[in-house]
Amino acid sequence: MTGQLVALLRNRISLIWFVLIAATLISWWIGTGDAANPQLGTAAVFVVVFIKVRLIGLYFMELRDAPLPLRLLFEGYCLIVCTTLLVMYLTAGVG
Amino acid sequence: MSTTVPRSSGTPGGSVPQDRHRRARHVPGEVGAWVFILGDLAAFALLFGVWMYYRGMEPRLFADSQAEVHRSFGAINTLLLLTSSLCVVTAVRAVRAQMHRLAQAAIGLALVCAVGFLLDKVLEWTDLVANGHGPTTNNYFLYFFVLTGLHAFHVLIGMGILIALVRLSGKPSLSEGQFSFVEGGACFWHMVDLIWVVLFALLYLMH
């Protein structure tokens, strides 16, 4: 079974997982550090978060192989929610 | 009568599907499952907006309250859910390749991660309440407990689905409907992961 597991994990999905873990650790670092510009840091965290969301959708949920309408619905969701949250954050100012 | 599980790109005899062979376009799971998933995603998007609205109304209170929350709890939970998602993806690929025992083991590992998530969450809630930060303390903690509680409820539903998938993935052959349930159940679990990734940023990381 170990050989089968290694064969299954030797795949792009595992690389995506590594990227997601690395992005989480980077976001954690940006979010906890005393950044000179916290507003820019938070905006960067938002962008990284929605890149992660997109990777989860396309690779884990396999939406990259889904019919175009479903994929576009998901891509639109990522774009609209990310943009809306960023605009709300930037227009509200820093706490 | 069961039909053969639709294999994405593998060859008969349990070979491992390779990503370089792109699958024919298909909806992963049943269409009904996607109506539910997209509806849930829309509902959470609305809640993210509500959170941002109230944060904008009381930025100082939200910043001060957020300083009372330990980010490590949220970060560990993110790592646990991402790892559980990898396990679930591996399980679906194992089912396609007819590696049933491996599929069951992978889903079992995802369940262990899910239990770890809930334990972490309970520890965090207990710690906050013990330090005088309950849902009635202020708007930050009200929405903190509502959003994390609602998400934890989704984790519980997802765990129920994963338990059903353990049973299904052990079958020597699956009907197309059963395989759709496996794919749809896996997508629900990834949605739980996806929502947490956003919540982690909103509740713990924003400045």
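**Figure 1. The interface of chain A and chain B in the predicted model.** In this predicted model, about 4,900 Å² is buried between chain A and chain B, and carbon and sulfur atoms account for 72% of that area. Within chain A, the residues that lose the most area to chain B are A:Leu8, A:Met61 and A:Asp65, which together hold 15% of what that side buries. The contact involves 50 residues of chain A and 57 residues of chain B.

**Figure 2. Helices and residue classes on the chain A side of the interface.** Seven residue pairs are in polar contact across the interface of chain A and chain B, with both residues of each pair at pLDDT 80 or more. On the side of chain A that touches chain B, at least two residues come from each of α1 (2–9), α2 (12–32), α3 (38–60) and α4 (68–92). The largest share is that of α2(A), with 13 residues. Sorted by class, this side of chain A comprises 34 nonpolar, 11 polar and five charged residues.

**Figure 3. The salt bridge between chain A and chain B.** One salt bridge is found across the interface of the two chains. Its partners are B:Arg96 and A:Glu62, whose closest N and O atoms are 2.7 Å apart. B:Arg96 belongs to helix α3 of chain B, while A:Glu62 lies in the loop between α3 and α4 of chain A. B:Arg96 has a relative accessible area of 2% and is therefore buried. A:Glu62 also counts as buried because its relative accessibility is 9%, under the 20% limit.

**Figure 4. A salt bridge between helices of chain B.** B:Arg96 also forms a salt bridge with B:Glu183, the closest N and O atoms being 2.8 Å apart. Because B:Arg96 lies in helix α3 of chain B and B:Glu183 in helix α6 of chain B, the pair ties together parts that are 87 residues apart in sequence. Both B:Arg96 and B:Glu183 are buried.

**Figure 5. A salt-bridge network in chain A.** A:Arg54, A:Arg71 and A:Glu75 are joined in a network of salt bridges. Within this group, the closest N and O atoms of A:Arg71 and A:Glu75 are 3.1 Å apart. These two residues are separated by about one helical turn, because they are four residues apart in helix α4 of chain A. A:Arg71 and A:Glu75 are both buried. Over all chains, the count of salt bridges is six.

**Figure 6. The largest nonpolar core.** This core contains 98 residues, and those with the most contacts inside it are A:Val53, A:Phe60, A:Leu85, B:Phe48, B:Trp51 and B:Leu202. At least two residues of the core come from each of α2, α3 and α4 of chain A and from each of α1 (31–57), α3 (71–96), α4 (100–130), α5 (139–169) and α6 (176–205) of chain B. With 20 residues, α6(B) gives the most to the core. In soluble globular proteins, nonpolar side chains tend to be buried together.

Figure 7. Apart from neighbours within four places in sequence, B:Trp51 is in contact with B:Phe62, B:Tyr140, B:Tyr143, B:Phe144, B:Leu147, B:Leu202, B:Leu203 and B:Met206. Chain B has six helices and zero strands. Of the 207 residues in chain B, 53% are buried. Among contacts in chain B with a separation of 6 or more, 82% link residues 24 or more positions apart.

Key:
Residues are numbered from 1 along each chain as its sequence is written. Chains are lettered from A and ligands numbered from 1 in the order in which they are written. This is a predicted model: local features need pLDDT of at least 70, side-chain atom pairs count only at pLDDT 80 or more; totals for chains, interfaces and linings use all residues. Side-chain values use heavy atoms; hydrogens and water are left out. Contact means heavy atoms within 4.5 Å. Buried area is the accessible area (1.4 Å probe) that two parts lose on being put together, summed over both. A salt bridge is a side-chain nitrogen of Lys or Arg within 4 Å of a carboxyl oxygen of Asp or Glu. A polar contact is a pair of N or O atoms within 3.5 Å; within protein, one must be able to donate a hydrogen and the other to accept it, and residues adjacent in sequence count only if both atoms are side-chain atoms. Ala, Val, Leu, Ile, Met, Phe, Trp, Tyr, Cys and Pro count as nonpolar, Asp, Glu, Lys and Arg as charged, and the others, Gly among them, as polar. A nonpolar core is a set of buried Ala, Val, Leu, Ile, Met, Phe, Trp, Tyr and Cys residues joined through side-chain atoms within 4.5 Å. Buried means under 20% relative accessible area, exposed over 50%, partly exposed in between (1.4 Å probe, protein chains only).
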